[in-house]
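Here are my notes on this one, in numbered points. Keep the viewer open while you read.

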Amino acid sequence: MTDIKKVNLLGLPPEKLIEFFESIGEKKFRATQVMKWIHQKGAESFEEMTDVSKALRAKLEGICEIRGPEVVSQEISTDGTRKWIIRTEGGNNDCVETVLIPDGNRATLCVSSQVGCSLDCSFCSTGKQGFNRNLTPAEIIGQVWIAIKSFGPMDPNGPRRVTNVVMMGMGEPLMNFEPVVDAMVLMMHDHAYGMSKRRVTLSTSGVVPKIYELVKRTDVSLAISLHAPNDALRNELVPINKKYPIAELLEACQHYLANLPDKRHITIEYTMMSGVNDNEEQAHELAILLKDLECKINLIPFNPFPNSGYEKPSNNRTRRFQKILADAGYTVTVRTTRGDDIDAACGQLVGDFQDKTRRSQKYIELREVKS
């Protein structure tokens, strides 16, 4: 006799959770009860659900489970950044990384959508490990669940431990479309995490057809990993540009904004690499390129990783680039590097997990010695 595969309720968005409860002969309001217990109170078992009848709890215990991904390690940077290595259902080699970046009253969680990445952007270490597989909705929303629970018991009436989510971790979110949409629906649903659509951001390297599909399904904020002011350079840095060049990408962005129910802007992510895309002429070129797009620009000084072949630009060079764009009328920020002492900075997430786990243990031992 084979074991019955239980349904993991952690990854079911509201509509699918309602469908499931109706399929087992239960009222739809039971879905709301269970969703609140899982996502607002952090329940890991049905026994904890005290306002659910014992009979239903027993029924659910037999056919369902609440199972988040396994945490291999948690590291804490000197600046407060937290990073988790999370083992997914694929086993030892299928691990992803999740990063929480605190900033005053904000805490932004960078969530992964795939094990590895197939796009192989030249400046990103994740792409260097290749692509293993897509994450399930439970594995994606499970990263939010784990991050919030790391602070202690979840309290729906307490302070928000995670205020913002960016789908900007390992992988290209639009290449794992349905699971990512399911997870984002849970992030924004009032009976789950209740985040504002302005505080949930999907970052894409430019999978143009999926941008058109995305706006039909959700109204999350959108970020574009651009990194170059022209096709010739972007073809080298972001290979998917050969299939979907900049003009097509910007047209898709215009369409996305035009079909949102409110006025919004696109965030343009631009990783700056010394001598590659950081000169003044390129800043002027970028200003002209984006003149018709409602956007703000986030400059990201390159975060080095072994054998990357790129270097971080000087502060003076970065500031000159920023000033040219600001003088052209753009809102321009320079992302502060956070968590680089635990390899949690933008572009550093990668799959050498055994080594990272050993570093985590050394960090924990050092912290214990200091305390």
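1. Is I148 buried or exposed? I148 is buried, with a relative accessible area of 13%; buried means under 20%, exposed over 50%, and partly exposed in between, with a 1.4 Å probe and protein chains only. I148 sits in helix α4, where helices (H or I, at least four residues) and strands (E, at least two) are DSSP runs numbered from the N terminus.

2. Some housekeeping before going on. This is a predicted model, so local features need pLDDT of at least 70 and side-chain atom pairs count only at pLDDT 80 or more, while totals for chains, interfaces and linings use all residues. Residues are numbered from 1 along each chain as its sequence is written, and side-chain values use heavy atoms, with hydrogens and water left out.

3. Of its 19 lining residues, I148, D155, P156, P159 and R160 are the closest to its centre. For the method: on a 1 Å grid over the protein atoms alone, a pocket is an open set of points with protein on both sides within 12 Å along at least five of seven lines, and lining residues have an atom within 4 Å of a point. The lining splits into ten nonpolar, five polar and four charged residues; Ala, Val, Leu, Ile, Met, Phe, Trp, Tyr, Cys and Pro count as nonpolar, Asp, Glu, Lys and Arg as charged, and the others, Gly among them, as polar.

4. Staying with helix α4 (residues 137-149), have a look at Q143. Q143 is buried at 1% relative accessible area, and its side chain makes a polar contact of 2.6 Å with the side chain of T98. A polar contact here is a pair of N or O atoms within 3.5 Å; within protein, one must be able to donate a hydrogen and the other to accept it, and residues adjacent in sequence count only if both atoms are side-chain atoms.

5. N164 belongs to strand β9 (residues 164-167) and is buried too, at 7%. Its side chain has polar contacts with the side chains of T163, at 2.7 Å, and R199, at 3.1 Å.

6. Now the rings. There are three aromatic pairs, counting Phe, Tyr and Trp (its six-membered ring) with centres within 6.5 Å; planes under 30 degrees apart are stacked, over 60 edge-to-face and the rest tilted. One of them is F20 with F21, edge-to-face at 5.7 Å centre to centre and 85° between the planes. Both F20 and F21 are buried.

7. Two lysines sit over rings (NZ of Lys or CZ of Arg within 6 Å of the ring centre and within 35 degrees of the ring normal): K149 over W145 at 4.8 Å, and K210 over F177 at 5.0 Å.

8. Finally, check two backbone angles. D120 has a positive phi, near 55°, in the loop between β7 (114-116) and β8 (131-134), and is partly exposed at 36%. H227 has phi near 70° in the loop between β11 (221-225) and α7 (231-237), and is buried at 4%. Neither residue is glycine.

Key. On a 1 Å grid over the protein atoms alone, a cavity is a set of points where a 1.4 Å probe fits but cannot get out, and a pocket is an open set with protein on both sides within 12 Å along at least five of seven lines; lining residues have an atom within 4 Å of a point.
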